[in-house]
Amino acid sequence: MSENPCNGCDRSSSCSDTDKQQCDQQQQQEQMHANLARIKHKILVMSGKGGVGKSTTAVNLALSLAKEGAKVGLLDIDLHGPSVPTLLGLELQRPEVKNDLMLPVPKYDITVMSIGFLIQEQDDALIWRGPMKAGVIQQFIRDVDWGELDYLVVDCPPGTGDEPLSIAQLLGEDAGAVLVTTPQKVSLVDVRKSVTFCRQLKLPVYGIVENMSGFVCPKCNEAVDIFKKGGGREMAAEMAVPFLGQVPVDPRMVEAGDEGTPAVLEFPDSPTTKAVADIARELSLRCLNPGGGTADLTE
């Protein structure tokens, strides 16, 4: 979507196709770096496997950071199964374009971009290979006017494939990962691979979130331990990475997600909301002051 760099150039008529291509690539890189320079901290929310509540965690973390006064963007790069538009009630939205840049869609004090905003029909399947995925992810950074942000939260698809690799390589410095797991062994085995992935890319692991850890009673609003819990904390200790906290299951989260009204906004007194808020504060500490102490979310 970027403007042709040859327009208005006195030497464009004498340039070869190779020269023009190199000039275009240089302009794209400059636009990419300019956009990234305006984002203080980039947080990749990843999981070793699907079904652990990664997208819900990404949405609720972004909203919790925003509730503390931070400027937050949320980027959904789950190209084959974008769920962020549904979780935020944005299924029918389309981004506006201004000065050849897409504008992220505002909702609940955050700004959002997803492939779900760009496909014609919600039931359309994207049958893409790696290079096309990488190109679209580049556009989400280069051709979107994110503005000045304290945090860009990136919802990645499960696993360690093309999308997490592409975004990790693009974001560079001031980026780190939050890894979401459930307490069960089948999830913990896969999230260990995500830790290894981050280490191989020299991507800091900000911490592990143990999701679905306990259950919030819909009658008394108390969290009770009817499920296995603690596996995420143990795994974090074994892998020598930080542990950010445990988030219990609140059955109201399912209905809230389906209706596009996130639980952290709809149920502020839920133990789940309070757990996510504590994790967001700890995450800000990891981003801004990894040595310890307290941190100002908007610093």
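**Notebook: a first look at the chain**

I started with histidine 41, which sits in strand β1 (residues 39–47). Helices (H or I, at least four residues) and strands (E, at least two) are DSSP runs, numbered from the N terminus. I noted that this is a predicted model, where local features need pLDDT of at least 70, side-chain atom pairs count only at pLDDT 80 or more, and totals for chains, interfaces and linings use all residues. Residues are numbered from 1 along each chain as its sequence is written, and side-chain values use heavy atoms, with hydrogens and water left out.

Is histidine 41 buried or exposed? I found histidine 41 buried, at 11% relative accessible area. Buried means under 20% relative accessible area, exposed over 50%, and partly exposed in between (1.4 Å probe, protein chains only). I then listed what histidine 41 touches, leaving out residues up to four places away in sequence: Asp150, Tyr151, Leu152, Asp174, Cys287 and Leu288. A contact here means heavy atoms within 4.5 Å.

Next I looked up the whole chain. I counted ten helices and eleven strands in the protein chain. Of its 299 residues, 48% count as buried. I took contacts between residues at least 6 apart in sequence; 76% of them join residues at least 24 apart.

Then I turned to the loop between α7 (231–239) and β11 (243–249), where alanine 240 is placed. Valine 241 is in the loop between α7 and β11 too. Alanine 240 is exposed, at 65% relative accessibility, whereas valine 241 is buried, at 12%. Which residues does valine 241 touch, beyond four places away in sequence? I found Val195, Arg199, Val205, Ile208 and Ala236. Valine 205 is 36 residues from valine 241 in sequence, yet their C-alpha atoms are 6.7 Å apart.

I also checked backbone angles. Most residues other than glycine have a negative phi. Alanine 240 has a positive phi of about 60 degrees, although it is not a glycine. Lysine 202 also has a positive phi, near 60 degrees. I placed lysine 202 in the loop between α6 (185–200) and β9 (205–216). Lysine 202 is exposed, with a relative accessible area of 74%.

Last, I looked up helix α8 (residues 252–258), which holds glutamate 255. Which residues form the negative surface patch? I noted Glu255, Asp258, Glu259 and Glu266. Patch residues have over 30% relative accessible area and no salt bridge, with like charges joined within 9 Å and nonpolar side chains (Val, Leu, Ile, Met, Phe, Trp, Tyr) within 5 Å. A salt bridge is a side-chain nitrogen of Lys or Arg within 4 Å of a carboxyl oxygen of Asp or Glu. Asp and Glu count as negative, and the place of a charge is taken as CG of Asp or CD of Glu.

Key. Accessible areas come from the Shrake-Rupley method with a 1.4 Å probe; for residues, only the protein chains shown count as cover.
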